[in-house]
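This report describes selected elements of a predicted model. Please consult the sequence and the structure shown below.

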Amino acid sequence: MYALGEALKVLPWGTRGSIATPGPARQRYGGNTSCVEILGDEGTLLVLDAGTGVRPLGESLPKNLKRVDILLTHLHMDHIQGLGFFSALYDPEMAVHIWGPTCPTQSLSQRLTRYLSPPLFPVRLPDLPCQLTLHELPGDVTEIGEFRVSASLISHPGSTLGYRIESASSVVAYLPDHEPALGQGRVPDEPEWTSGFDLAEGADLLLHDCQYTESEYIDRVGWGHSTFGQSLDFAKLCGVQHLMAFHHDPSREDDALEGHVRDAVERFEPSFRVSIGAEGTAETLRS
Ligand SMILES: [Zn+2]
Ligand SMILES: [Zn+2]
């Protein structure tokens with residue numbers, strides 16, 4: 001056994017990028033878009049992004065839960081599409097805090113309401129029954145229950161955040177949509193010039209964009225995503241213990257995904273652990 005505050009569970013409910021891709025060729029890693037549950041052993045529950053994976057997450061919430069915090073990296077549809085189907089939003093007893101990126105022209109509420117309002121969705125965001133509070137980031141380091149949460153703007157089209165979540169004993173970094181190689185064609189060697197370094201430095205677990213193969217990236221520079229190799233370079237620069245490949249391309253079937261990650265690992269020979277983010281496969285971090 002381990003003491004309170006010394007373990008946290010990281011459970012992906014959606015690992016796919018861009019658009020949901022259900023079907024038999026993607027069953028091992030899943031077809032739902034970005035959504036990750038972080039659960040501390042004191043009961044604090046964070047939801048990273050609200051892609052289509054947040055709907056089944058809502059069905060699994062503990063019955064006695066009174067507060068949930070949703071940390072949105074950005075407002076591309078694959079990261080908010082499940083929001084209106086998240087059961088906690090319809091519970092009058094539930095305090096729901098949604099954290100997301102600031103923008104100079106519109107509030108977070110106004111931008112989310114563009115999706116959560118007719119004709120795109122039948123319920124307007126301000127009319128949801130839960131006790132809803134919105135917060136715009138980046139800002140000061142925030143304490144949420146047993147976690148310290150930091151957010152910084154990172155390289156991706158539009159206002160986009162990455163997150164660093166610290167418990168008493170572990171650090172998880174979440175950068176699902178991230179192109180740190182933009183401008184140089186490779187991840188810089190200098191930490192201070194590298195997007196996202198401050199968030200991922202020394203993390204026990206880094207969930208990072210691994211959307212493209214090297215050949216795909218050539219035609220997609222500036223789209224905001226990374227290759228498998230760039231993600232390995234970024235993870236090495238940041239000195240992480242474990243890289244979880246995340247935001248799988250919608251075209252990538254399970255066998256091809258495993259092949260691409262295996263090839264990149266053979267080329268790179270990382271000194272840290274590498275895994276492929278899979279729906280329903282939890283990682284438990286302990287001190
Ligand atoms: Zn995305
Ligand atoms: Zn995006």
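How many bridges join strand 11 to strand 12, and do these strands run parallel or antiparallel? Strand 11 and strand 12 are joined by four bridges and run parallel. Strand 11 also has strand 10 (residues 171-175) as a parallel neighbour, again through four bridges. Within this arrangement, leucine 206 of strand 11 is the bridge partner of alanine 173, and leucine 206 stands opposite leucine 243 in strand 12. Strand 11 is mostly covered, five of its five residues being buried.

Helix 6 (residues 228-238) is largely enclosed by the rest of the structure, because nine of its eleven residues are buried. Among these buried residues are Phe228, Leu232, Phe234 and Cys238. The elements that cover the buried residues of helix 6 include strand 11 (205-209), strand 12 (242-246) and helix 7 (254-268). Just after helix 6, glycine 239 adopts a positive phi of about 65°.

A further part of the model is an open sheet of seven strands in the order 6-5-4-3-2-1-14, with mixed pairing. Strand 6 (131-137) and strand 14 (283-286) stand at the edges with a single partner strand each, so one side of each has no neighbour in the sheet. Neighbouring strands of this sheet are turned by 20° against each other on average, direction ignored. Within the pair formed by strands 4 and 5, isoleucine 70 stands opposite isoleucine 98 of strand 5.

| Strand pair | Sense | Bridges |
|---|---|---|
| Strand 10 and strand 11 | parallel | four bridges |
| Strand 11 and strand 12 | parallel | four bridges |
| Strand 4 and strand 5 | parallel | five bridges |

Methods: Residues numbered from 1 in each chain as written. Chains lettered and ligands numbered in written order. Predicted model: local features only at pLDDT ≥ 70, side-chain atom pairs only at ≥ 80, totals over all residues. Buried ≥ 20, exposed ≤ 12 C-beta atoms within 10 Å, placed from the backbone. Helix = DSSP H or I, 4+ residues; strand = E, 2+ residues; numbered from the N terminus. Contact = placed C-beta atoms within 7 Å. Pairing = 2+ DSSP bridges. Axes fitted to C-alpha atoms, helices over the stretch in contact; angles between N-to-C directions.
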